[in-house]
Amino acid sequence: MEFAGRLLQTCSTAAAPRKLTEMPQPQRVISTRNSNLKLTNMGSRQQWNTEYSGRLIASGVGERWEEFQGIKNWEGMLDPLHDDLRDEILRYGEFVEAAYRCFDFDTASPRYADCVQESESYIEKVGLGKSGYKVTKSLYATCGIQLPNLTDKIPRWMSATCSWIGYVAVCDDEEEIARLGRRDIVVAYRGTATCMEWLENLRASLTPLASDMASSAGGDCMVQSGFLSLYTSSKPEKPSLQKAVIEEIKRLMRRYKGEKLSITVTGHSLGAALATLTANDIANAVEDPPLVTVVSFGGPRVGNKNFRRQLEKTGVKVLRIVNSDDPVPKVPGFVLEDGGDKSRRRRRTNGLSKWLHKLVYADIGEELRLNSRDSPYLSDCGVATCHDLRTYLHLVDNFVSSNCPIKTTAKRVLKNSRLPEKSTAMAG
């Protein structure tokens, strides 16, 4: 108990929003060609007013939407980065940004760890106003760690076990549906924000997936214990994140049966891990699912090789956006390379203790690797800035190719930036 208490005290500092001083604040997180994002700071609490001068237009998405969703594993699109794919990545980054903006970070607020307002239309006001999507479901994650005889000795906000984690939205604008070439369903998750979520992050060992989430892999299909706990735990008054999101996806698929659909699950940091678990679950729990794609920003490792094989077998497409200077994608555990002689690899693996086997992870999907040092405004930034969602969106917006990693216009983009400081967590 004393150990858990010390962890909570340590995590309370990390969970509190911090001010970035290392880099200029981005004004926009999508292409400047078509949008104008206006943000205001009123009093001690951040409030956002989003106005669009025009919708983000990406030519050719409708005809090739399956390619942009990864049906061919983004072959030939990542290096150099295809301009339309860039716009799609940034567009999904906006959905994640909206999740951060809606979360109440104020530990003194009665709505701490919840959405800042009860109305789901608020999500649209702070980030999705003219995106062509509407929010259909708010999502909550519950921590499965039990802290008996401790919660009465610490502030309520430090022991909050259930928190608002994101939402489900569906494209309902006919013009946007025509541009996209299908009706898109989005699940968006924020990153770590509460002390209890930090505690779940620290549970780095692998644990088997339940039978309803695993296909033929069975007990050999394993994922990080804490992420799975946040995804499957529930409270009497709140269903699990798993139940809520799967039921909503099934409902939307029944409603739009017969239409051309896609499901995109996106998130940053912890949200990227939950996005991967959600996509896997949709592919296994939903009958005849459409193309399911994960767009993850700065996500940690999630599972072992068998989990990766299961994702590949079910057709889930994963695009991981990674900053080489960000430590979060390099944890938890470690990865054993697939190269070399099979018998040699088997001897090396068999030599590991049973306990160490629970720390052997595998990277999944396709990777878009960026580097904050390529930007003159991020070359000396700290760890928190390297992991911040705003950094990722800045790098995506300005990445050209491995031979020309940054646009010459990057200076102008950052110089005109004013993204809110409390909108993105800097957690794992």
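This is a predicted model: local features need pLDDT of at least 70, side-chain atom pairs count only at pLDDT 80 or more; totals for chains, interfaces and linings use all residues.
A residue is called buried here when its relative accessible area is under 20% and exposed when that value is over 50%.

**Overall make-up**

The protein has 428 residues, of which 57% are buried, and its secondary structure comes to 15 helices and 13 strands. When contacts between residues at least 6 apart in sequence are considered, 76% of them join residues that are at least 24 apart.

**Single residues compared**

| Residue | Relative accessibility | Class |
|---|---|---|
| C381 | 15% | buried |
| L311 | 2% | buried |
| N403 | 76% | exposed |

**Cysteines**

A disulfide requires two cysteine sulfur atoms within 2.5 Å, and by this rule the count for the model is 0 disulfides. C381 is therefore in no disulfide, since its nearest cysteine sulfur, which belongs to C386, is 3.3 Å away.

**Helix α8 and its surroundings**

Helix α8 covers residues 241–255, and because its 15 residues should span 21 Å at 1.5 Å a residue, the 21 Å found between its end C-alpha atoms agrees with expectation. The buried residues of this helix are L241, Q242, A244, V245, I246, E248, I249, L252 and M253. They pack against strands β3 (133–142), β4 (162–171), β5 (183–189) and β8 (261–268), and also against helices α7 (225–232) and α9 (270–285).

**Nonpolar cores**

The largest nonpolar core holds 57 residues, and those with the most contacts inside it are I89, W164, Y167, I321 and L368. Helix α3 (residues 83–102) supplies the largest share of this core, with 10 residues. Leaving out residues up to four places away in sequence, I321 touches I89 and L368, and it also touches V295, S296, F297, G298, L370, Y392 and V396. A second, separate core has 50 residues, including L199, F227, L277 and V294.

Rolling a probe the size of a water molecule over the atoms shows where empty space is left.

L311 lies in helix α10 (residues 305–314) and is buried, with a relative accessible area of 2%. Its contacts, leaving aside neighbours within four places in sequence, are with T276, N280, V316 and I364. L311 and G365 are 54 residues apart in sequence, while their C-alpha atoms are 8.6 Å apart in space.

N403, by contrast, is exposed at 76% relative accessibility and is found in the loop between α14 (389–398) and α15 (410–415). The C-alpha atoms of N403 and D79 are 8.8 Å apart in space, although the two residues are separated by 324 residues in sequence.

Definitions and conventions. Residues are numbered from 1 along each chain as its sequence is written. Side-chain values use heavy atoms; hydrogens and water are left out. Buried means under 20% relative accessible area, exposed over 50%, partly exposed in between (1.4 Å probe, protein chains only). Helices (H or I, at least four residues) and strands (E, at least two) are DSSP runs, numbered from the N terminus. The expected span of a helix is 1.5 Å times one less than its number of residues. Contact means heavy atoms within 4.5 Å. A nonpolar core is a set of buried Ala, Val, Leu, Ile, Met, Phe, Trp, Tyr and Cys residues joined through side-chain atoms within 4.5 Å.
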